[in-house]
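User: Hi! I'm new to this one and would like a friendly walk through it. Can we look at it together?
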Amino acid sequence: MAIQSPPAINDKTLDCRRGLLTTAVVLLAALASWRHGLIHTDVDAMSDIGLLSVLPPAFYAGVLLLTFSFCLSVTRHPLSETNLALHVVLLIVLLYALPMVLYDSLRLPWAWKHLGIIDYILRHGDVDPDIAAMPAYHNWPGFFALMALLVELAGRETLMTLAIWSPLAVHLVLIGVLALVFRTLTDDRQTVWMSIWIAYLANWVGQDYFSPQAFVFPLYLLVIGLSLAFLKPASATNSDPQRQHLLAAWQQFRDGAARTEPAPRLADPSLWLVAMVLAFLATMTISHPLTPAAMSLALCGLYALGRLKSIWPPLAAIVLFGAWLIGPARGFMASESVQMSQLIGDILANAATNFEDLTRLSPGQAQIAVVSRTLTGAVLLLALLGGITRLLKGRLDVSAALLVVTPFLILIIHSYDGEGLFRAYLFASPFLAFFAACLLHQIMGAISRALAVVFMTALFCCLSLGWLGAYYGKDAHTRTHAGEALAFDFLAKTAPRNSLVVEGSPNYPSRFRNYDHFTYVSIIDEPEDSLDLVIGDPASELGEWLDNERYTATYIILTESQKAGIEALGRLSPGTFDRLIAALQQSRRFQVAFENESAVIFILASEAAAQ
Amino acid sequence: MNGTRLPGVSMVLGASVTVAIATLPLDHPALDTFRIAFLLLMPGLALARLTRLPLSPLELVSLTLVASAALNTLIATLAVYADFWSTDTIFGLVLATTTALVLADRSCCNMR
């Protein structure tokens, strides 16, 4: 019997293994450089332009190495998707894990408020839709209920860990969601992976923190991805040249695809797909007020343009959203109706509400605003050129173009407290990234691989730099400090119910425990004449505020982040906040109840004596 | 693109039974960890399996996690509004939902 020689290892397999090994080495080197850079980062030396000012060269070297390696991998034939996925995972770690490594506290003051709603659910076991403070969260409690459930199982001490690591988790989950969405738009895997890469660099608006909007964003994209992939008419495939006129697509949908579909059987998996999409729509509806509106618009648009074979997805989105508004959230909607009626139709005003006046900002913040706008402009320009290139190639990309436009229609209805434009950009950004990737794909086809790698590395590094500036540029006043959290915790644990808490501004870790026990007054948000009185004679004016029998006890809390935020946004001239603190410290009318390196809490001396 | 094979019915059922045992009123942190792992994975996995969607592994992982989160959110929010907030009750409902999905999956397989 002849001895058979072992089968020879396929050349492709060998290449693949070699490629993965090389990638692993390069990625580890990038990670090591990044980590080494962070060890030598002194966040307390941060200037007015945020984290960008203190990140050392080793950090940037890590990002550069990763970017270069990605560009090499994405231009290689055949593509290794595992290899590219590893690059994207590391990009997410390099960009989004910075606060977890560098800061001693949960980043962003507004994330702390969300802990307060979870704390409320854990204490009460329910929500109060008619509550005076932060009522919107009580009317859309889905995200908070889920987090309360997880925290109750894992222990209260895990809440902070959950909140700190949530941006990283959201972005990691998003990789697969984006992959699904992009593969419904193109058959080309190179474009899919470049779209994913650009989507992360284009998304600078910072809506990925521990919040309902970050939680529902993957749901929004997943519903779109599932709809485009599995609920489309039989005629709408990726490989279609899509040259037919929109009307023809519409007629085809009306006359053909919709009527030729066989009736589903009970065991048909498509019924479970319907159930899944309905569950996603319902989760969105109970978790966030804006996303279901954007979802309804997107699905209506897709249906109207013949990209969906059935009307049920947009109909379900509208019915669920409407039912929630006139059902559980009706009290909130009634209280908001006057303001909403004034905003409807004023699209320009709604879009411009939160645009900062650059002349009022500190010099560093003015630079950061320019960086953010430049990055947005660059992404829009790349997308526009990509769209034109595709059009010239005979591809309409109706779905992607529509999904860029529909989020901005939200601005017709509401400014969303000035954030409408940024939220619309968030929803549109993956599809802008897709068009930008299409442009790069065309360019890559026209030049040599070496040139393409150099060009793409340079472009992606520029986008990364812009992203770092835009995303972390406000961290000098939004990073928060552990000492501030300790100060509010002291207040939350010691102050009696029905206390008045006067704060310099809401820009500090607050409301994360027993938030419903207190009434909050922000000095900086007072009308101008009232603010002038406080600045003119802080001790006397604030003494009168605190000497109020309506409240069981009264406090003033002033912190480092409040000061940094007020000065960076040009709300008070530099030094004014320090003078206010000094005036209270020198006044006999006040006594310090709590003090550390980041915060100070004052009470009336008479109240302290009574206690 | 070829789809990714999902774990079979027996695996999902087996995990459900294991976790059902874990819901006994025993006080041990490991049981809570087990419950969390179940909540994060199993409902979504059962639903994703039912849909038989041709997904890549990466897409499948995301879909499973998001679907689990969605189903848990719906049940936890129901508990908040219907005033029966209790981790045991919520977990029981999630477990029941997952089991129903697994049974539906069996039924689908049999019908084929």
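User: Is A:Val88 buried or exposed?
Analyst: A:Val88 is buried, because 23 other C-beta atoms lie within 10 Å, and 20 or more is the cut-off for that label. Keep in mind that this is a predicted model.

User: Thanks! Which helix does A:Val88 lie in?
Analyst: That would be helix 3 of chain A, which covers residues 81-96.

User: And which residues is A:Val88 in contact with, leaving aside its neighbours within four places in sequence?
Analyst: Those are A:Ile175, A:Ile196 and A:Trp197.

User: New topic: helix 9 and helix 20 of chain A. At what angle do their axes cross?
Analyst: Roughly 130 degrees, and the axes come within 7 Å. Helix 9 is residues 189-202 and helix 20 is residues 420-446, both in chain A. The angle makes helix 9 of chain A oblique to helix 20 of chain A.

User: Is that crossing left-handed or right-handed?
Analyst: The crossing of helix 9 and helix 20 of chain A is right-handed. On the helix 9 side, the contact includes A:Met194 and A:Ile198, while helix 20 brings residues including A:Leu432 and A:Phe434.

User: How many residues of that contact are nonpolar, polar or charged?
Analyst: For helix 9 with helix 20 of chain A, there are 12 nonpolar residues, five polar and no charged.

User: Let's do strands. How do the side chains of strand 1 of chain A point?
Analyst: They alternate along residues 499-503.

User: What does strand 1 of chain A pair with?
Analyst: Strand 1 of chain A pairs in the parallel sense with strand 2 (residues 518-522) over five bridges. Strand 1 also runs parallel to strand 3 (residues 554-559) of chain A, joined by four bridges. Look at A:Leu500: A:Thr519 stands opposite in strand 2 of chain A, and A:Thr554 is the bridge partner in strand 3 of chain A.

User: Last one: how many residues of chain B are in contact with chain A?
Analyst: 36 residues of chain B are in contact with 38 of chain A. Helix 3 of chain B gives the most to that side of chain B, with 18 residues. By class, the chain B side has 22 nonpolar, eight polar and six charged residues.

Notes. Residues are numbered from 1 along each chain as its sequence is written. Chains are lettered from A and ligands numbered from 1 in the order in which they are written. This is a predicted model: local features need pLDDT of at least 70, side-chain atom pairs count only at pLDDT 80 or more; totals for chains, interfaces and linings use all residues. Axes are lines fitted to C-alpha atoms, for helices over the stretch in contact, and angles run from 0 to 180 degrees between N-to-C directions. Helices (H or I, at least four residues) and strands (E, at least two) are DSSP runs, numbered from the N terminus. Angles under 35 degrees count as roughly parallel, over 145 as roughly antiparallel, 65 to 115 as roughly perpendicular and the rest as oblique. A crossing is left-handed if the near helix is turned anticlockwise from the far one by less than a right angle, and right-handed if clockwise. Two residues are in contact if their C-beta atoms, placed from the backbone, lie within 7 Å. Ala, Val, Leu, Ile, Met, Phe, Trp, Tyr, Cys and Pro count as nonpolar, Asp, Glu, Lys and Arg as charged, and the others, Gly among them, as polar. A residue is buried if 20 or more other C-beta atoms lie within 10 Å of its own, exposed if 12 or fewer, and partly exposed in between; C-beta atoms are placed from the backbone. Two strands pair if DSSP finds at least two bridges between them.
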